[in-house]
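Biologist: Before the discussion begins, please display the model so that both of us can consult it.

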Amino acid sequence: METKAINKPMDSPKKKVKPPKPVKSVASRKLFAAFFERNRLSFTLALILAAISSADNSIISWILGSVIDAIGASSRSGLTRAAIATAIFLPAYLIVDSLFSIIKSRFVHKGIAQYKSAAFSMLCRKGIGAFSQESTGGYLSALTNDAASIEENYLNRTVSLVFNVLRFAFALGMMLYYSLIMTLIVIGLCLVPIIATLAMGGGLTKREKTVSDKNEAFTSRVKDLLGGFSVIKAFKAEKQANALFNGENTDVEESKRSRRAYSGILNSLSGVSGGVVQFGIFIIGAIFAINGRITAGTVILFVNLCNCLIGPISVLPEIIASRGAAKALVYKLADKLEDNQSESGGEPIASLERGIEVKALGFGYEEDKPVLHNLSYRFEAGKKYALVGFSGSGKTTLLNLLMGMHGSYTGSVRVGGVEINEADKNSLYESVSLINQSVFLFDDTIRNNITMFSEFPNEAVDSAIRRAGLERVIAERGEEYLCGENGVNLSGGERQRISIARALIKNASVLLVDEATSALDNETASLISNEILALSGITGIVVTHRLEASLLKKYDAILMLKNGELAEVGSFDALMDKKGQFYSLFTVQ
Ligand code: ADP
């Protein structure tokens with residue numbers, strides 16, 4: 001969501017404005033819950049194993065210290081004790097550590113798979129209108145790049161966070177047990193790396209967010225360039241396409257470089273300060289040992305345990321920062337998903353008997369630029385209407401409004417007596433089918449593209465195939481023929497006929513057809529138009545550029561739009577007799 005400039009204090013430009021805390025929306029709660037759904041056992045086990053395995057370094061330090069003290073005291077029994085402890089520790093360590101890796105992977109991968117599933121299922125509940133205004137590249141990036149970052153930085157690092165906190169606690173506990181004064185010295189020496197790394201942690205969160213934004217722009221660009229590949233080739237725009245690609249590519253890699261470099265500096269800083277602490281404790285410990293305050297073994301134990309303090313101190317701020325950054329990615333996706341989740345709920349459309357009524361309808365994509373003005377008409381149930389008019393007169397916009405794609409209209413659009421803005425969208429999509437100018441086909445069989453992966457009796461599929469004029473294609477290639485990515489293995493006409501069959505098999509009461517016959521040859525086109533006209537009991541609203549008298553005569557009414565207004569309405573003969581605007585359009589054609 002954009003932060004309005006008004007919120008910034010004008011008189012204190014240097015004062016840092018804290019980014020608003022993410023609001024725990026319903027969508028974000030659902031997304032976070034998805035990580036742990038039927039995954040709590042793995043999560044709990046992973047934490048328990050992390051706790052056990054975090055004690056490993058403390059035990060090793062204790063064994064080392066015991067060995068040094070046993071050597072110093074020439075104690076055979078001490079050495080034997082240390083050897084027995086090592087013999088027990090090593091296999092136990094191997095088992096615990098292996099189990100830890102297995103369970104952690106199970107938790108992380110199940111969690112991220114469920115997260116992606118939940119996000120996609122929420123995405124599917126979006127309205128067509130809301131989705132069509134958004135960038136699909138953003139969602140692609142969220143479900144690929146961002147998901148990978150969330151997997152590593154949120155799920156994996158949540159377990160690492162517990163592991164490191166406990167490793168720190170064990171080491172501190174053991175230090176306190178052996179020498180309070182030495183422990184206080186270690187803590188004093190550790191203050192510098194703690195402050196330095198904490199101060200730098202925020203910078204990492206900022207860089208992680210930039211990487212996500214750049215990834216989103218890059219994914220959108222690649223999607224666009226690949227989608228327009230044939231246009232690029234046909235217009236010899238390869239150089240420009242390369243320049244566009246390289247622009248985004250450099251940007252995203254530059255943001256990653258900045259994040260990696262920053263993280264590297266953070267690591268070096270903690271590495272160096274860790275070395276200083278370790279060296280300092282070695283020298284101070286040696287002085288204490290010479291003065292007889294502690295044993296040589298305790299010095300080694302402290303030097304070794306320093307790793308268990310410095311390690312967590314150096315990684316914890318980074319873990320916390322990148323966990324925060326990954327959580328921000330979840331909120332970012334939740335925000336997108338939350339917008340316009342108005343699919344279910346609302347008034348169901350029980351029957352289409354009352355037809356579709358449009359009253360004083362006005363709509364514009366942009367403010368002050370109306371596309372439709374004061375349009376009123378009643379489409380009666382079961383009748384067939386042709387929408388004609390010059391390009392840009394608002395025909396597609398009207399169909400989209402009838403499909404509930406744009407909520408910001410003025411006036412009223414009632415489908416089956418229910419105002420479309422208040423209608424349950426699922427029931428609207430059940431009643432109304434849209435056959436579009438651009439057909440989308442899935443990279444699957446013809447049958448699955450017709451049935452949209454639902455179960456239908458063979459007779460229903462056969463009937464849709466026959467009515468959409470697909471019989472010959474099926475006879476030649478079979479229902480299981482693969483259409484290819486977006487139907488590349490089929491002609492434009494065949495793709496159109498599949499989309500018509502798809503709408504017919506759904507048995508919707510209203511069929512909205514937008515130039516659906518534009519990719520068909522004249523003969524097939526009039527066959528299909530006739531088929532749509534012959535569908536009894538179905539209300540048909542067909543946008544057509546094919547002004548053929550024989551076809552137009554079959555419509556109950558022709559609506560002519562001009563500059564977003566209903567210029568003329570009537571039967572073909574009436575409009576021709578009137579010799580008005582439709583007559584001019586028809587004769588020009
Ligand atoms: P037709 O189907 O009659 O050719 P449209 O309904 O597609 O006309 O378009 C009507 C007007 O709305 C045109 O001026 C077009 O440029 C504009 N328009 C269509 N879609 C959009 C959109 N998504 N955003 C902004 N303007 C649009």
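**Ligand shell and domain interface**

Modeller: The shell around the ligand consists of three nonpolar residues, six polar residues and one charged residue; Ala, Val, Leu, Ile, Met, Phe, Trp, Tyr, Cys and Pro count as nonpolar, Asp, Glu, Lys and Arg as charged, and the others, Gly among them, as polar. This is a predicted model, in which local features need pLDDT of at least 70 and side-chain atom pairs count only at pLDDT 80 or more, whereas totals for chains, interfaces and linings use all residues. Residues are numbered from 1 along each chain as its sequence is written, and side-chain values use heavy atoms, with hydrogens and water left out.

Biologist: Which residue places a polar side-chain atom 2.6 Å from an oxygen atom of the ligand?

Modeller: The ligand is surrounded by residues that include Y365, S393, K395 and T396, where a residue counts as near if one of its heavy atoms lies within 4 Å. A polar contact is a pair of N or O atoms within 3.5 Å; within protein, one must be able to donate a hydrogen and the other to accept it, and residues adjacent in sequence count only if both atoms are side-chain atoms. Y365 has a polar side-chain atom 3.4 Å from a ligand nitrogen, and S393 has a backbone N or O atom 3.1 Å from a ligand oxygen. The side chain that lies 2.6 Å from a ligand oxygen belongs to T396.

Biologist: How much of the ligand's area does the protein bury?

Modeller: Accessible areas come from the Shrake-Rupley method with a 1.4 Å probe; for residues, only the protein chains shown count as cover. Taken alone, the ligand exposes 560 Å², and the share buried by the protein is 57%.

Biologist: How many salt bridges are there between domain 1 and domain 2?

Modeller: Domain 1 covers 26–338 and domain 2 covers 356–588, with bounds from an automatic or database domain assignment. Five residues of domain 1 are in contact with four of domain 2, contact being heavy atoms within 4.5 Å. A salt bridge is a side-chain nitrogen of Lys or Arg within 4 Å of a carboxyl oxygen of Asp or Glu. Between the two domains, the number of salt bridges is zero.
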